[in-house]
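I opened my notebook for this one and went through the model step by step. Here is what I looked up, in the order I looked.

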Amino acid sequence: MDFLELLKEKYGSETNRITHSIGVRDLAVELAKKLGADPKKAEIAALFHDYYRYDDNDTLISYMDKNDYDKYMDMPWGYHGLAAGNKIKEFGITDSDIINAIKYHTVGRINMSLLEKIIYVSDFAEVNRTHEGSKEVRELALKDFDKAFLLTLEYTYKHTLDKNVLELFKYYGGLNMNELDLVINEIDKLNMENIKSYNLASKSPLFDYVVIASATNDRQANAIIKNLRELDGEGKISIKGIEDKDYSWILIDLTDIIVHIFTGESRAYYGLDEIYSQYLMEK
Ligand SMILES: [Fe+2]
Ligand SMILES: [Fe+2]
């Protein structure tokens with residue numbers, strides 16, 4: 001089956017619909033070759049991903065798996081992908097990776113395969129795209145694909161404010177690392193001492209990272225609370241709670257990150273560094 005011919009038959013002279021799919025194909029094939037995915041599968045998925053992009057919702061729903069419809073009912077912008085992934089079976093494609101790459105090219109999902117991610121990123125960043133972030137992602141994709149994938153999720157969230165995308169962004173490690181970098185950066189700026197971070201992502205169901213730092217005076221301790229509250233106000237981090245244990249131990253709860261600021265000798269007294277020592281992160 002020649003999927004480019006099929007696309008031309010469907011869209012005739014409406015070339016920009018075809019141009020986009022060719023752009024996705026070119027980037028996806030290039031990435032597949034570089035990253036060790038199957039370029040042929042990438043080509044098929046790319047050329048068919050938007051085949052039903054302009055069909056009406058009733059038609060798309062009739063093309064979808066019932067399970068997919070039940071699950072993604074509230075995300076009509078994803079119908080065309082879910083429909084195409086299901087319908088491509090009628091064009092002789094039974095490979096589940098191709099099918100999934102098409103299905104999830106708009107809505108994404110947890111546990112995406114490399115091919116699924118390649119199509120997701122290529123759809124966002126192919127050469128004809130001009131929206132914010134597309135060029136940046138395109139250039140980054142060939143150098144550091146994992147980062148480019150996260151950046152795609154980040155921009156998609158920024159553009160759509162879709163909470164499902166935010167969840168994916170978190171799932172793939174985007175938000176924690178960003179939040180963690182921001183928090184450590186603030187602590188660093190205040191010249192606190194002995195900043196250590198610990199990664200408990202695989203150990204604790206409650207939080208992912210612990211950051212511990214020593215403030216040499218009250219001014220620093222108050223400043224970190226003030227500065228993190230400002231970041232919270234700007235929506236860059238999200239503070240769940242702050243506890244001033246006994247004025248020598250401040251605990252800032254960012255849900256996925258717990259920050260402990262100690263003053264005086266309390267850090268040695270409570271010994272958290274020892275408790276977490278095996279999870280210490282390299283700088
Ligand atoms: Fe699409
Ligand atoms: Fe597309």
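This is a predicted model: local features need pLDDT of at least 70, side-chain atom pairs count only at pLDDT 80 or more; totals for chains, interfaces and linings use all residues.

**Entry 1: a cut-off, then R219.** My test case was R219, which sits in helix α13 (residues 218-233). Is R219 buried or exposed? I found 10 other C-beta atoms within 10 Å, so R219 is exposed. I also checked R219 against L190: the two are 29 residues apart in sequence, and their C-alpha atoms lie 9.6 Å apart.

**Entry 2: the whole chain.** I stepped back and looked at the overall layout. The chain holds 15 helices and 5 strands. Its C-alpha atoms fill a box of roughly 75 × 35 × 30 Å along the principal axes. Of the 283 residues, 36% count as buried. I then took the contacts between residues at least 6 apart in sequence, and 51% of them join residues at least 24 apart.

**Entry 3: domains.** Which domains does the assignment give? I read off domain 1 (3-172) and domain 2 (175-279). Taken over C-alpha atoms, the centres of domain 1 and domain 2 are 39 Å apart.

**Entry 4: the nonpolar cores.** I went to the largest nonpolar core, which has 47 residues. Which of its members touch the most others? They are A28, A42, A45, I118 and V121. I traced the helices behind this core: α2 (15-35), α3 (39-48), α6 (79-87), α7 (96-103), α8 (114-125), α9 (134-141), α10 (145-160) and α11 each supply at least two residues. The most come from α8, which gives 7 residues.

**Entry 5: helix α10.** I checked the span of α10 next. The helix has 16 residues and reaches 22 Å from its first C-alpha to its last, close to the 22 Å expected at 1.5 Å a residue. I listed its buried residues as A148, F149, L150, L151, T152, L153, T156 and Y157. After α10 comes L161, with a positive phi near 50°.

**Entry 6: helix α11.** For α11 (residues 163-171), I found V165, L168 and F169 buried. Seen down the axis of α11, these buried residues fall within an arc of 100°, so they line one face of the helix. A reminder to myself: an α-helix has 3.6 residues a turn, so residues three or four places apart point the same way.

**Entry 7: strand β5 and its partners.** How many residues of β5 (residues 257-263) are buried? I counted 6 of the 7, so β5 is largely enclosed by the rest of the structure. On the parallel side, 7 bridges join β2 (residues 209-215) to β5, and S214 has F262 in β5 as its bridge partner. The pairing of β4 (residues 249-253) with β5 is antiparallel, with 5 bridges. There I252 stands opposite V259 in β5. I followed the chain from β4 to β5 and found a hairpin with 3 residues between the strands, where T255 in the turn has a positive phi of about 70°.

**Entry 8: two asparagines.** Most residues other than glycine have a negative phi. I therefore made a note of N111, which is not a glycine and yet has a positive phi of about 60°. Where is N111 placed? I found N111 in the loop between α7 and α8. With 7 other C-beta atoms within 10 Å, N111 is exposed. N191 also has a positive phi, of about 60°, and is not a glycine. Its place is in the loop between α12 (174-189) and β1 (193-199). N191 has 9 C-beta neighbours inside 10 Å and counts as exposed.

Definitions and conventions: Residues are numbered from 1 along each chain as its sequence is written. Chains are lettered from A and ligands numbered from 1 in the order in which they are written. Domain bounds come from an automatic or database domain assignment. A residue is buried if 20 or more other C-beta atoms lie within 10 Å of its own, exposed if 12 or fewer, and partly exposed in between; C-beta atoms are placed from the backbone. Helices (H or I, at least four residues) and strands (E, at least two) are DSSP runs, numbered from the N terminus. The arc is that of the directions from the helix axis to the C-beta atoms. A nonpolar core is a set of buried Ala, Val, Leu, Ile, Met, Phe, Trp, Tyr and Cys residues joined through C-beta atoms within 7 Å. Two residues are in contact if their C-beta atoms, placed from the backbone, lie within 7 Å. Two strands pair if DSSP finds at least two bridges between them. The expected span of a helix is 1.5 Å times one less than its number of residues.
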